[in-house]
Amino acid sequence: MKLNNFLYLSILSCALISTGCSSSSSDDDNPPPPTGGGDDDPVVVLAPSAATLVFPEDVTECNTGVVDPNDETKSTVTFEWNISENTDRYTVTLTNLNTNSSTFVNSNTNEVDILIDRGTPYSWFVTSRANGTSESADSQVFRFFNEGPGVENYAPFPAEAVAPSRGATIATTTMVTLEWTASDIDDDIVSFEVFFGTEADPVTSIGSGETTSLEAVPVTSGTTYFWTVVTTDSTGNTSTSEIFQFKVG
């Protein structure tokens with residue numbers, strides 16, 4: 001009887017051991033799926049955020065430029081902005097507001113030196129970019145005057161269209177209100193004159209005044225219109241906006 005019990009226990013123990021080994025081998029052959037973080041997981045590249053502009057400040061005179069020793073009509077200005085998140089590099093877009101020509105300058109840091117004309121109005125903004133993604137983010141746009149020799153009163157900044165917005169197609173109508181914004185470092189704007197028409201370079205003056213809008217301008221459906229604003233300050237300085245365009249549906 002004791003021998004039979006001994007044989008029974010021995011067989012049972014071997015069976016348990018065999019089962020445990022078999023189970024362990026099965027686990028090794030079929031490991032659980034990864035839960036993430038492995039080498040094969042896709043890399044997620046976050047989109048860059050927009051930078052915050054620091055200098056030159058908006059609607060100000062920039063008087064910190066270093067005059068070019070070989071050309072007194074130019075000076076080097078350091079453009080600065082705050083570092084934006086998820087960003088590897090930046091592009092500064094600088095526009096001469098007298099000629100509407102733009103310069104593009106790349107930087108791997110949050111500042112860059114640019115040689116520009118003195119006594120000239122500019123606008124600028126920064127585009128944030130990141131490696132591994134085509135997404136980008138633009139900062140707000142600042143406008144400033146680069147200090148010039150002997151300038152005591154600056155011309156107004158060129159007006160900017162508000163409505164109809166640039167390139168817009170508006171609903172069918174017979175009358176529109178033209179609206180714009182304007183600014184001046186010296187804060188001495190006295191009048192605006194609006195030129196309007198169907199030609200790409202409008203020469204017909206349709207009104208002038210002190211307000212930044214002109215109401216009841218007649219239009220025709222299916223027609224594209226062009227308009228521009230001449231801004232004048234108290235000393236007679238003037239600026240001409242770019243030519244704005246809209247279509248009546």
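At 75% relative accessibility, S134 counts as exposed, where exposed means over 50% relative accessible area, buried under 20% and partly exposed in between, with a 1.4 Å probe and protein chains only. The structure discussed here is a predicted model, in which local features need pLDDT of at least 70 and side-chain atom pairs count only at pLDDT 80 or more, while totals for chains, interfaces and linings use all residues. Residues are numbered from 1 along each chain as its sequence is written, and side-chain values use heavy atoms, with hydrogens and water left out.

S134 sits in the loop between β8 (120–129) and β9 (136–138); strands are DSSP runs (E, at least two residues), as helices are (H or I, at least four), numbered from the N terminus. From C-alpha to C-alpha, 9.9 Å separates S134 from P48, a residue 86 positions away in sequence.

Turning to charged pairs, a search of the whole structure gives 3 salt bridges, a salt bridge being a side-chain nitrogen of Lys or Arg within 4 Å of a carboxyl oxygen of Asp or Glu. One of them joins D117 to K74, with 2.5 Å between the closest N and O atoms. D117 belongs to strand β7 (residues 111–117) and K74 to strand β4 (residues 71–81), so this pair ties together parts that are 43 residues apart in sequence. D117 is partly exposed, at a relative accessible area of 26%, and K74 is partly exposed, also with a value of 26%.

Another salt bridge links R143 and E160, whose closest N and O atoms are 3.8 Å apart. Here R143 is part of strand β10 (residues 142–146) and E160 of strand β11 (residues 160–163), so the tie spans 17 residues in sequence. R143 is buried, with a relative accessible area of 7%, whereas E160 is partly exposed at 38%.

R166 and E242 also form a salt bridge, with 3.1 Å between the closest N and O atoms. Both partners lie in loops, R166 between β11 and β12 (168–170) and E242 between β18 (238–240) and β19 (244–248), so the pair connects parts that are 76 residues apart in sequence. R166 counts as exposed at 57% relative accessibility, and E242 as partly exposed at 28%.

A contrasting case is D184, found in the loop between β13 (175–181) and β14 (189–197). The D184 side chain does reach the backbone nitrogen of D186, at 2.6 Å. Leaving aside residues up to four places away in sequence, D184 touches V59, Y154, A155, P156, F157, I189 and D233, contact meaning heavy atoms within 4.5 Å.

As for strand pairing, an open sheet of 3 strands runs in the order β11-β13-β16 with antiparallel pairing, two strands being paired if DSSP finds at least two bridges between them. Strands β11 and β16 (213–218) stand at the edges, each with a single partner strand, so one side of each has no neighbour in the sheet. Direction ignored, neighbouring strands of this sheet are turned by 35° against each other on average, with axes fitted as lines to C-alpha atoms, for helices over the stretch in contact, and angles running from 0 to 180 degrees between N-to-C directions. Between β13 and β16, the antiparallel pairing extends over 4 bridges, and the bridge partner of L178 in β16 is L214.

Definitions and conventions:
A polar contact is a pair of N or O atoms within 3.5 Å; within protein, one must be able to donate a hydrogen and the other to accept it, and residues adjacent in sequence count only if both atoms are side-chain atoms.
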